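Subject: Structure handover

Hello,

Here is the structure I said I would pass on. Please open it beside this message and follow the notes below.

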Amino acid sequence: MTALAHSALPSQVGLLAGRAIRRILRQPAQLVFPILFPLILLAVNTSGLDAATQLPGFPTASYLDFALAIPFMQGALFAALNGGQDLARDIQGGFLDRLAMTPMSGAALLAGQLGGALFMGVISAVLYLAVGVAFGAGIATGVAGALVLLALAIVISFAFACFGTFVALRAGTGEAVQGFFPLFFVLLFLSSAFFPRDLIEQDWFAIVATYNPVSYMVEGIRSLVIAGWDGQALAQAFGISAIAIVAFLALSARALRTRLVRT
Amino acid sequence: MTEERGIDVQGLVREFKGGVRAVDGIDLRVAAGEIYGFLGPNGAGKSTTVKVLTTLLPPTTGRATVAGYDVAKQGAKVRAAIGVALQDVALDPMLTGSEHMRLQGGLQGIPRAERGRRGDELLERVGLSDAADRKASTYSGGMKRRLDLALALLHKPRILFLDEPTTGLDVQSRTALWEEVARLAREEGTTVFLTTQYLEEADVLANRVGIIDRGTIVAEGTPAALKAQVAKPTVELVPRDGGECAAASAALAPFGEAVAPRTAGSIAVRLDSGADQLADIVRALDQANVAVMNLALHEPTLDDVFLAKTGRSLEGAAQEAPPEPAAERERALA
């Protein structure tokens with residue numbers, strides 16, 4: 001890469017991220033649905049499953065506190081899905097070819113695309129937390145914990161966005177990206193998102209939830225809300241998200257090279 | 001310093017999976033400032049050639065230089081010298097016209113101050129000033145094409161590639177685009193490589209035409225030379241009295257072979273020795289006492305050339321090409 005291309009990189013990232021954000025803001029469904037739906041689900045679950053807190057061994061007396069981690073995960077899924085579909089649309093519509101005809105670097109494209117996802121991650125994480133607290137959720141680790149929670153939620157959201165980006169680049173169609181959505185949801189349901197792992201009675205479910213990386217992301221967030229500072233839970237959540245980010249970024253970069261065939 | 005503006009292609013082959021040769025050994029040369037029309041049916045290999053020349057696909061074998069740079073080895077330099085409007089307009093439906101110009105200008109490395117001015121200027125030239133702040137999703141097909149063209153011109157390319165630029169456009173939009181392309185070549189010395197499946201487009205716009213069929217160039221030359229090479233003009237007449245058809249046919253027989261007329265009720269003859277015979281024809285008809293209501297001389301078309309070279313007519317000659325996801329792209333843009 002030339003020196004010129006290096007100095008142009010920040011400007012390219014800025015332009016592409018600006019475009020990604022503008023695109024999100026101009027599709028209200030992309031903004032409202034991913035934020036509203038998890039909150040509605042939270043309200044439904046909290047009123048419907050509150051009795052679960054009576055179970056011996058349930059870690060908290062408030063199902064809202066317990067379930068607060070779920071919207072962060074669902075929001076991350078939606079953001080990843082929408083971001084991936086936007087990218088797939090660029091590929092299918094030929095816009096990526098147009099970008100490829102400019103001196104744009106592949107890194108700038110990835111960073112710009114993920115910039116949009118980061119934007120969604122920040123907005124929705126702040127909103128979920130604000131709504132949760134407004135409705136009486138208590139954060140056991142206080143203000144510092146809330147800040148760590150936001151950081152973790154954003155990192156998780158970013159990890160999912162990297163996955164969505166990879167699928168879009170690899171498959172190149174919006175349908176393929178959408179096809180992964182149910183899989184994501186199954187992954188979420190087969191985790192400890194809705195029930196603590198040690199209270200799951202079905203052996204297979206407990207095993208799946210134990211091996212499901214999503215469990216550890218959820219438990220990281222949850223630990224901050226209901227248990228207090230838990231170094232191990234946080235290390236696992238941040239660690240798994242970081243591994244996912246690195247892995248899917250590397251895979252995305254490779255898929256982009258194939259996708260962005262330029263001589 | 002004079003900048004290289006030509007295209008030079010030698011033995012270009014592009015093979016796809018399964019051994020399909022979309023481009024099968026093409027040689028061509030386009031001079032600076034020339035409009036070169038690449039004419040052929042769907043699936044003939046036009047778009048594949050454009051993708052190779054614009055560095056979006058590496059060639060399988062053969063060599064091509066664009067603006068003096070090797071498309072396989074000096075991609076970045078080629079891209080900096082060319083502007084490209086591909087067959088499917090490549091726009092972001094969520095961005096406005098001027099946002100497109102700013103994004104493209106920024107990625108092209110045009111300084112910020114110049115970006116806005118140049119963008120506005122081009123939008124004005126393609127007649128989109130009034131729609132500059134509307135999202136591309138609200139544009140008509142013709143407007144999308146024009147924005148696509150403006151984007152391709154933003155960095156002042158020396159060579160412009162247009163892949164079927166008028167497919168799906170109404171007559172008015174098509175004519176406007178032709179005028180702009182002709183102006184670019186005439187006034188700015190831009191070299192234009194244009195693919196089309198429309199005979200008229202190649203005929204009207206191109207200085208030179210290459211006819212491509214099944215991945216190879218079957219004929220090349222100026223439209224006039226190509227037509228003169230393969231086909232002779234036809235004279236077609238309608239007698240005033242329908243009963244005189246036989247007499248008219250007999251009078252015309254010495255001038256050439258009778259062919260199927262374009263309109264029912266008329267008589268057509270392909271002239272053996274060209275349009276010079278017209279005066280003799282009129283005299284012969286007069287001597288045979290055939291009163292003529294209408295007499296027309298048809299010059300051969302590029303379709304005649306295509307027919308002579310391939311044995312098929314260009315219209316309806318679309319080949320079984322690997323399906324392009326064109327419809328999908330249209331949907332995605334809608």
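A:Phe72 touches A:Ala125, A:Tyr128, A:Ala153, A:Ile156 and A:Ile221, leaving out residues up to four places away in sequence. Two residues are in contact if their C-beta atoms, placed from the backbone, lie within 7 Å. A:Phe72 sits in helix 4 of chain A. This residue is buried, because 28 other C-beta atoms lie within 10 Å. The cut-offs are 20 or more other C-beta atoms within 10 Å for buried, 12 or fewer for exposed, and partly exposed in between, with C-beta atoms placed from the backbone. The C-alpha atoms of A:Phe72 and A:Ser124 are 7.7 Å apart, although 52 residues separate the two along the chain.

This is a predicted model, in which local features need pLDDT of at least 70 and side-chain atom pairs count only at pLDDT 80 or more, while totals for chains, interfaces and linings use all residues. Residues are numbered from 1 along each chain as its sequence is written, and chains are lettered from A and ligands numbered from 1 in the order in which they are written.

Next, the helix pairs in chain A. Two packed helices are described by the angle between their axes and the distance between the axes. Helices (H or I, at least four residues) and strands (E, at least two) are DSSP runs, numbered from the N terminus. Axes are lines fitted to C-alpha atoms, for helices over the stretch in contact, and angles run from 0 to 180 degrees between N-to-C directions.

Helix 2 (residues 28-48) of chain A packs against helix 4 of chain A at about 155 degrees, with the axes 9 Å apart. Helix 2 of chain A is therefore roughly antiparallel to helix 4 of chain A. Angles under 35 degrees count as roughly parallel, over 145 as roughly antiparallel, 65 to 115 as roughly perpendicular and the rest as oblique. The contact of helix 2 of chain A with helix 4 of chain A has 12 nonpolar, 4 polar and no charged residues. Here Ala, Val, Leu, Ile, Met, Phe, Trp, Tyr, Cys and Pro count as nonpolar, Asp, Glu, Lys and Arg as charged, and the others, Gly among them, as polar.

Helix 6 (residues 106-134) and helix 7 (residues 142-171) of chain A have axes that come within 8 Å and cross at roughly 140 degrees. Helix 6 of chain A and helix 7 of chain A are therefore oblique to each other. Their contact divides into 16 nonpolar, 4 polar and no charged residues.

Chain A also meets chain B. The contact takes 25 residues from chain A and 31 residues from chain B. On the chain A side, helix 1 (3-25), helix 4 (69-93) and helix 5 (95-100) each give two or more residues. Helix 1 of chain A gives the largest share, 7 residues. By class, this side has 9 nonpolar, 8 polar and 8 charged residues.

Last, chain B. It has 12 helices and 14 strands. Of its 334 residues, 46% count as buried. Its domain assignment, which is automatic or from a database, gives domain 1 (7-91 + 139-227 + 322-329) and domain 2 (232-299). The centres of domain 1 and domain 2 of chain B, taken over C-alpha atoms, are 40 Å apart.

Regards
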